[in-house]
Amino acid sequence: MRPVATPERSDSSTPPSASGRGVVRLARAFVAFVCAVMLAANAWVVLTTRTQQLEQARLANENLARAIAQQMDALFGETEHVLASLAFELDKRDLADDPLQDMQPNLVYEVSQLEQLENLYVIDAQGRWSMRSQPDAGAEASSAAREYFIHHRDSASERVRIGKPIRSQPDGRWVIPVSRRLNDPYGQFAGVMLGTVGVERLVRVLADYELGGGGANGPGRPDGVILTRW
């Protein structure tokens, strides 16, 4: 007998095992996509929160700096007003010949009115102290070598100047010189009107501001010189 050939069956469907693997791959891809979306969303939230916090910190620092600057402006502005007022009277007098004894009570009074003001001095064209608010606070032969005196001697400007912190000659305390040029009736250099602002007073003012850990603040001059730091 001849064998009967059995016709081959044609089946185009995917084997069950291959279909299952495809579903698993699809599920894994979906899970990975969901995780990526969640990670991206969390990263965006963190970045947005950090940006907001940095912006709030920047605004807080700006407000703090503005508040400190306004208080420093007020403190030094009061001193500048006193110097301008006294200089107006002195510009009409001859510092070389006038003993200025009648000015002593005025200097004492002005110092008593401003907590930050340590002393007031009237310095003649040679750098000698013609008058000061505390006559028993020691003696300095001359201020001619001081930076503030040299500046006013060589500059015709009558603007009040805030100098670099120096040691006070009478007691050695750190002070900030605030000075103004004095002229004689002919407009020539006649000396310097000097007020000294106590650094300790400025430190007490700065200590009233809460800075947090590692924070620091301090007023400075336009040329970058730091007057004091807390």
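**Isoleucine 150.** I looked up the contacts of isoleucine 150. Leaving aside neighbours within four places in sequence, isoleucine 150 is in contact with Ala144 and Ala145; contact means heavy atoms within 4.5 Å. The model is a predicted one: local features need pLDDT of at least 70, side-chain atom pairs count only at pLDDT 80 or more, and totals for chains, interfaces and linings use all residues. Residues are numbered from 1 along each chain as its sequence is written, and side-chain values use heavy atoms, with hydrogens and water left out.

I found isoleucine 150 in helix 3 (residues 147-154). Helices (H or I, at least four residues) and strands (E, at least two) are DSSP runs, numbered from the N terminus. Isoleucine 150 is partly exposed, at a relative accessible area of 30%. I use buried for under 20% relative accessible area, exposed for over 50% and partly exposed for in between (1.4 Å probe, protein chains only). I also checked valine 192: C-alpha to C-alpha, isoleucine 150 and valine 192 are 9.8 Å apart in space and 42 residues apart in sequence.

**Aromatic pairs.** I found two aromatic pairs in the structure. In one, the ring centres of tyrosine 121 and tryptophan 129 are 4.7 Å apart and the planes are at 55°, so I noted the pair as tilted. Rings of Phe, Tyr and Trp (its six-membered ring) pair if their centres lie within 6.5 Å; planes under 30 degrees apart count as stacked, over 60 as edge-to-face and the rest as tilted. Tyrosine 121 is buried at 4% relative accessibility. Tryptophan 129 is buried too, with a relative accessible area of 17%.

Phenylalanine 149 and phenylalanine 189 form an edge-to-face pair, 5.6 Å centre to centre with 75° between the planes. Phenylalanine 149 lies in helix 3 and phenylalanine 189 in strand 6 (residues 189-198), so this pair ties together parts 40 residues apart in sequence. Both phenylalanine 149 and phenylalanine 189 are buried.

**Helix 2.** I listed the buried residues of helix 2 (residues 104-113): Gln104, Leu107 and Val111. They cover an arc of only 65° around the axis, which puts them on the same side of helix 2. The arc is that of the directions from the helix axis to the C-beta atoms. An α-helix has 3.6 residues a turn, so residues three or four places apart point the same way.
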